[in-house]
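Please look over the following structure before reading on.

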Amino acid sequence: MSNVVTPEDVEKTIASFTRLDQRGDKKAMNKLAQRLQKEQPFLLQHAAAVRTEHGDAVGEAAVFYATLVWAMFDRIREETLPRLTQQNLADADKIVTEELSKIEGLADKAPHERVAPALVATQPHIYAKLAELLSEDVKEAAMTPETATTIVKPTEVVIEAFDAALAGRRLGERQGTIVNDAKVGRNEPCPCGSGKKYKKCHGEAA
């Protein structure tokens, strides 16, 4: 299936992010962040929502893992990925919640083991890398087990949402279409997840 991210593309994405981090290339990282804000505002909003409940450190981890998943899917496409919508993400959340509820003893499992076989089957190589990265981050104390536990489900939702959009199960928006700004009040939080009011963020260009 062409929408399945290969092990090679997974590793190339990780290598690319590692190089950016090691070089401390803030210009390239900012450019990547700007592109993500433009192309996937609701993805960022979904990941950044974790910050509200769990604080900045956990929120940043959720955004980083969501960005990593986006970059993996982005690598396999010549054209721009479909823009995930709030509905697409909400539907993905329901599916992930339902699949996880089928797992016995889920609460006793390590964070990287809290994945459902049916979900893993859709993108096995991304899930394998997700488990590896979460396990390493916890082992090396780059992330607490609590943080890993908190962000694993939102990350699975992003994987499911992109997989569904590319497979045609639940379509996102084709890029080039404009997010319906009328749904966002000028004094409401910007959908990109920046934490700013819409009028001070993406609303300035509207």
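## Overall fold

The protein has 8 helices and 0 strands, where helices (H or I, at least four residues) and strands (E, at least two) are DSSP runs numbered from the N terminus. Read from the N terminus on, the order of elements is α-α-α-α-α-α-α-α. This is a predicted model, in which local features need pLDDT of at least 70 and side-chain atom pairs count only at pLDDT 80 or more, while totals for chains, interfaces and linings use all residues. Residues are numbered from 1 along each chain as its sequence is written, and side-chain values use heavy atoms, with hydrogens and water left out.

Of the 206 residues in the protein, 42% are buried; buried means under 20% relative accessible area, exposed over 50%, and partly exposed in between (1.4 Å probe, protein chains only). The protein exposes about 11300 Å², of which carbon and sulfur atoms supply 51%, with accessible areas taken from the Shrake-Rupley method with a 1.4 Å probe. Among the contacts with a separation of 6 or more, 69% are between residues 24 or more positions apart, a contact being heavy atoms within 4.5 Å.

## Two helix pairs

Axes are lines fitted to C-alpha atoms, for helices over the stretch in contact, and angles run from 0 to 180 degrees between N-to-C directions. Angles under 35 degrees count as roughly parallel, over 145 as roughly antiparallel, 65 to 115 as roughly perpendicular and the rest as oblique.

| Helix pair | Axis angle | Axis separation |
|---|---|---|
| α3 (residues 41-54) and α8 | about 165 degrees | 11 Å apart |
| α2 (residues 26-39) and α3 | roughly 105 degrees | within 5 Å |

With an angle of about 165 degrees between α3 and α8, α3 is therefore roughly antiparallel to α8. In this pair, Leu 43, His 46, Val 50 and His 54 of α3 meet Thr 150, Pro 154, Val 157, Val 158 and Phe 162 of α8. By class, that contact of α3 with α8 has 6 nonpolar, 3 polar and no charged residues, where Ala, Val, Leu, Ile, Met, Phe, Trp, Tyr, Cys and Pro count as nonpolar, Asp, Glu, Lys and Arg as charged, and the others, Gly among them, as polar.

The axes of α2 and α3 cross at roughly 105 degrees, which makes α2 roughly perpendicular to α3. Here Leu 36, Gln 37, Lys 38 and Glu 39 in α2 meet Pro 41, Leu 43 and Leu 44 in α3, and the contact of α2 with α3 has 4 nonpolar, 1 polar and 2 charged residues.

## Individual residues

Pro 82 lies in the loop between α4 (56-75) and α5 (86-101), and Pro 82 counts as buried because its relative accessible area is 12%. Not counting residues up to four places away in sequence, Pro 82 touches Gln 40, Arg 77, Phe 162, Ala 165, Leu 166, Gly 172, Glu 173 and Gln 175. The C-alpha atoms of Pro 82 and Phe 162 are separated by 8.0 Å, although these residues are 80 residues apart along the chain.

Leaving aside neighbours within four places in sequence, Lys 129 is in contact with Val 10, Glu 11, Ile 14 and Met 72.

Ala 141 lies in the loop between α7 and α8 (145-167), and Ala 141 counts as exposed because its relative accessibility is 65%. Although Ala 141 is not a glycine, Ala 141 has a positive phi of about 60 degrees. Most residues other than glycine have a negative phi.
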